[in-house]
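Student: Could you walk me through this structure with a few questions and answers? I would like to learn how to read it step by step.

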Amino acid sequence: MMNKTWWKECVVYQIYPRSFADSNGDGIGDLRGITAKLDYLKRLGVDVIWLSPVYRSPNDDNGYDISDYQDIMTEFGTLADMDALIAGMHARGLKLMMDLVVNHTSDEHPWFRQARASRDNPYHDYFIWREPRDGREPNNWEAAFSGSAWEWNEATGEYFLHMFSKKQPDLNWENPRVRREVFDMMHWWFQRGVDGFRMDVINMISKPADLPDAPIIRPGFLQPGFGLVTNGPRLLEYLAEMKRDVLSRYDCITVGEAPLVTVRQGAEITNEETGSLNMLFEFERMDLDSVGGHMNGKWAYKPLDLRDLKTTLSRWQTALHGNGWNSNYLSNHDQPRSVSRFGDDGADRVVSAKMLGTFNHLLQGTPYVYQGEEIGMTNVPFESIDECRDIESLNIYREFVEHQGLTPEQALAPIRVKGRDNARTPMQWSAASQAGFTTGTPWIRVNPNYTAINVEQAVADPDSVFNYYRKLIRLRRENPVFVYGSYHLIVPEHAEIYAFTRTLDAERLLVVLNFSKNSPTFTAPAELSYSGAELLIANYPVETGDVRRFALRPFEARVYRLKV
Ligand code: GLC
Ligand code: CA
């Protein structure tokens, strides 16, 4: 039995505020900039906007290090600007999802300033402290942005835990006062008008009590400890408490970011009756083009084998059908651009971006569109590390050069492929100076291809990625089978074609996607029975012909409606 709800039917658009639109020429995107672009988003047809963090922050990790949860980052504007943005959205029927970053705060948050002052400060226990072990760090964990996950605090003679940068101390969720503070803050935002939360690394909030050493996969180095802090012993309890005390009081949308989550845990957390969140961002799909278990993690690139993607996503599609819910995403502010990663950002950019958009909107689940994806924005040809801004890239570059002996070119190569700055260059609004993003100097360079790839061009061109997305979103709104139809993978062994059906009562969609530059032939399985086929959307002109067997052009996508 599948309940119908708006958060299953909606399309979410993610805004990375720093890079979206600058209203005052200081080179930094801001809230007024976003408000001025709401009609554009309305035109695209999305329903919900997920705003990456806009809270007060010293910006060690671009706002994911929060020093005041109930105020706005100075560079982005004021609470009054925020109220105006919310009002502007609601006036247009758009909903707002805020980013909830509560695994950690900034080290400049008043809680942490207090906490680090003395062991008997009432805030001390808001964070996670350990005595030195043999005069050194308490365990062998490496932080996400390189270096130890522990930082020494002179005043108390202890180390504190930070799974990300040393300016992002992890909160101690064991402390009920921490949970209460977080829940109160969530109520405060709901009462201000927000419609939901995207929850940053939410499956990391419960740590194992003893914080043991991580298994050694990189002898002689620190070890990734994420396997130990994700899906911890009290995670479900904390989420249930959040649901009981906060989420259940509002008609809201929630998505939890969940690295290393398994499909079983995903089904548990998103179960409509017994789970706590609507959906999760799972990461298996993002790990398929890295060499598993490699000491350099995501930076150890290997080409994607499409069959791995099919196996992984089919597992999620099947396991959550009828009890939980999926979120569909191919990129975000932490990932390279989807067209560069899974498609082709050269000659086949437009067709492959449309093919990927088709994929993202036709799987079962709520689709997430990352800013610029809807115009086919690409990775950036960074020429040197000086052009990069992301703490993760800057730190790994140093690690590569100083500790692993790589040359600058060798160190830059994986950053160009996987670095987060690929997705963080300014939104390309027009062919004007700085892509129309700012009248000043942007905080990070613009992608030089903005003269060809930009919103102004895309809106005017009927064959653009943008106008194709509009059609996809409209079709999804008009046809419940897009949302609720069950998923069934066909031609599972094919290395270039990803094809599946979606079925709801007497309606069935046939989705055929060519993920390659080649021209493979699609042959429908014999058991696929239907009496008539109607083409709903395609990224090439299609002649009427045999739907059971046809040759696909590079990155071709077709969606047929079949009469069962
Ligand atoms: C999440 C965010 C990422 C951030 C990290 C630490 O993964 O998406 O941008 O760096 O958490 O908050
Ligand atoms: Ca600005």
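Student: Is I28 buried or exposed?

Tutor: Happy to start there! In this predicted model, local features need pLDDT of at least 70, side-chain atom pairs count only at pLDDT 80 or more, and totals for chains, interfaces and linings use all residues. Residues are numbered from 1 along each chain as its sequence is written, chains are lettered from A and ligands numbered from 1 in written order, and side-chain values use heavy atoms, without hydrogens and water. Buried means under 20% relative accessible area, exposed over 50%, and partly exposed in between, with a 1.4 Å probe and protein chains only; because I28 has 10% relative accessibility, I28 counts as buried.

Student: Which protein donors does the calcium ion (ligand 2) have?

Tutor: Donors are N, O and S atoms within 2.8 Å of the metal (3.2 Å for Na, K and Ca), and water is not among the atoms, so sites may look incomplete. Along the chain, the donors follow the spacing D-x1-N-x1-D-x1-I-x1-D. Lying 2.2 to 2.3 Å from the ion, they are D22 (OD), N24 (OD1), D26 (OD), I28 (O) and D30 (OD).

Student: How far is a polar side-chain atom of D61 from an oxygen atom of ligand 1?

Tutor: Ligand 1 is surrounded by 14 residues, with D61 listed among the closest; a residue is near a molecule or strand if one of its heavy atoms lies within 4 Å of it. For R198, a polar side-chain atom is 3.0 Å from an oxygen atom of ligand 1. For D61, the distance is 2.5 Å.

Student: Which residues join R420 and D390 in one salt-bridge network?

Tutor: R420 and D390 are buried, and their side chains meet in a salt bridge of 2.7 Å, N to O. Through shared partners, salt bridges also bring into this network D61, K298, D334, E392 and R424.

Conventions. Polar contact = N/O pair within 3.5 Å; in protein donor to acceptor, adjacent residues only side chain to side chain. Salt bridge = Lys/Arg side-chain N within 4 Å of Asp/Glu carboxyl O.
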